[in-house]
Amino acid sequence: MVTLFSCKHGEGEYHNITDKIEAESKNYHGTSMSSEQLLEGIETIEITEGEHSFLIPERKGQITSYACTECHTKPLHELQNKEDAKKAHWDIKLAHANLNTMNCITCHNGDDMDNLKSLTGKTIDFNRSYKLCSQCHSKQFEDWKGGAHGKKVAGWAPPRASMTCVNCHNPHQPGFETRWPARFNSQKVKERE
């Protein structure tokens with residue numbers, strides 16, 4: 001003898017979670033969320049790295065003394081030879097790598113101060129300084145392109161916009177200083193007692 005069972009579920013009841021997801025997503029056709037409103041007032045440029053296209057903050061407009069050639073009227077090697085030359089950038093302390101490995105002209109082009117330079121001497125625009133960082137920090141760069149490293153400007157909703165390396169890290173001293181959390185959690189202390 002064969003016994004047959006029938007489902008007597010009411011509306012909104014499902015056999016399992018997969019059935020529920022399928023039933024409740026039949027009329028779903030994507031999201032209408034956008035981060036455009038959160039990007040208002042932030043000048044951005046669009047970049048494409050590999051299969052990833054997204055927006056980053058425009059940088060040159062944020063550099064107080066850009067263009068650098070407003071002050072650097074001659075190549076750096078000529079300016080350095082003057083004994084009475086003004087000491088520009090006196091407050092910058094380079095703590096990025098061993099000084100035997102890296103100095104100012106590792107990244108800055110002494111003959112074209114309005115641009116950065118790659119390790120192979122190619123010109124890198126200040127707005128794309130992440131290309132300079134990616135030469136040594138390739139793992140972080142791959143994570144950043146995919147969205148796993150760094151901060152989003154306005155969240156994950158399209159259009160995707162991400163901060164660049166220099167928006168979070170000082171390029172001359174990229175390590176973060178050790179600090180206490182912004183707010184002491186007294187509730188956790190009470191729970192531990």
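Helices (H or I, at least four residues) and strands (E, at least two) are taken as DSSP runs and numbered from the N terminus. On this basis the chain holds 7 helices and 4 strands, and the order of its elements from the N terminus is α-β-β-α-α-β-β-α-α-α-α. The model is a predicted one, in which local features need pLDDT of at least 70 and side-chain atom pairs count only at pLDDT 80 or more, while totals for chains, interfaces and linings use all residues. Residues are numbered from 1 along each chain as its sequence is written, and side-chain values use heavy atoms, with hydrogens and water left out.

Residues are classed by relative accessible area as buried (under 20%), exposed (over 50%) or partly exposed (in between), with a 1.4 Å probe and protein chains only. Of the 193 residues in the chain, 23% are buried. Contact is defined as heavy atoms within 4.5 Å. Of the contacts between residues at least 6 apart in sequence, 49% join residues at least 24 apart.

A salt bridge is assigned where a side-chain nitrogen of Lys or Arg lies within 4 Å of a carboxyl oxygen of Asp or Glu. The count by this rule is 4 salt bridges. One of them joins Lys131 to Glu49, with 3.0 Å between the closest N and O atoms. This pair links distant parts of the chain, with Lys131 in helix 4 (residues 130-134) and Glu49 in strand 1 (residues 44-49), 82 residues apart. Lys131 is partly exposed at a relative accessible area of 35%, whereas Glu49 is buried at 10%.

A salt bridge is also formed by Asp125 and Lys60, whose closest N and O atoms are 2.8 Å apart. Asp125 lies in the loop between strand 4 (123-124) and helix 4, and Lys60 in the loop between strand 2 (52-57) and helix 2 (76-80), so the pair ties together parts 65 residues apart in sequence. Both partners are partly exposed, Asp125 with a relative accessible area of 24% and Lys60 with 22%.

The salt bridge between Lys145 and Glu142 has its closest N and O atoms 3.2 Å apart. The two residues are 3 apart in helix 5 (residues 138-146), which means that about one helical turn separates them. Lys145 is buried, with a relative accessible area of 10%, and Glu142 is partly exposed at 46%. Beyond its neighbours within four places in sequence, Lys145 is in contact with Glu49, His52, Phe54 and Arg160.

Aromatic pairs were assigned to rings of Phe, Tyr and Trp (its six-membered ring) with centres within 6.5 Å; planes under 30 degrees apart count as stacked, over 60 as edge-to-face and the rest as tilted. The whole structure contains 5 such pairs. Among them is the edge-to-face pair of Tyr66 and Phe126, at 5.7 Å centre to centre and 75° between the planes. Tyr66 is in the loop between strand 2 and helix 2, and Phe126 is in the loop between strand 4 and helix 4, so that distant parts of the chain, 60 residues apart, are linked. Tyr66 is partly exposed at 23% relative accessibility, whereas Phe126 is buried at 7%. Ring pairs also link Phe54, Tyr130, Phe141 and Trp144 into a cluster. A charge is taken to sit over a ring if NZ of Lys or CZ of Arg is within 6 Å of the ring centre and within 35 degrees of the ring normal. The charged end of Arg160 sits in this way over the ring of Phe54, 4.1 Å from its centre.

A nonpolar core is a set of buried Ala, Val, Leu, Ile, Met, Phe, Trp, Tyr and Cys residues joined through side-chain atoms within 4.5 Å. The largest such core has 8 residues, namely Cys68, Met102, Cys107, Met113, Leu116, Ile124, Phe126 and Leu132. A second, separate core of 7 residues includes Ile45, Ile47, Tyr130 and Phe141. In the largest core, Cys68 is in contact with Met113, Asp114 and Phe126, leaving aside neighbours within four places in sequence.

Pro75 is placed in the loop between strand 2 and helix 2 and is partly exposed at 24% relative accessibility. Not counting residues up to four places away in sequence, Pro75 touches Gly110 and Asp111. The C-alpha atoms of Pro75 and Gly110 are separated by 5.7 Å, although the two residues are 35 apart along the chain.
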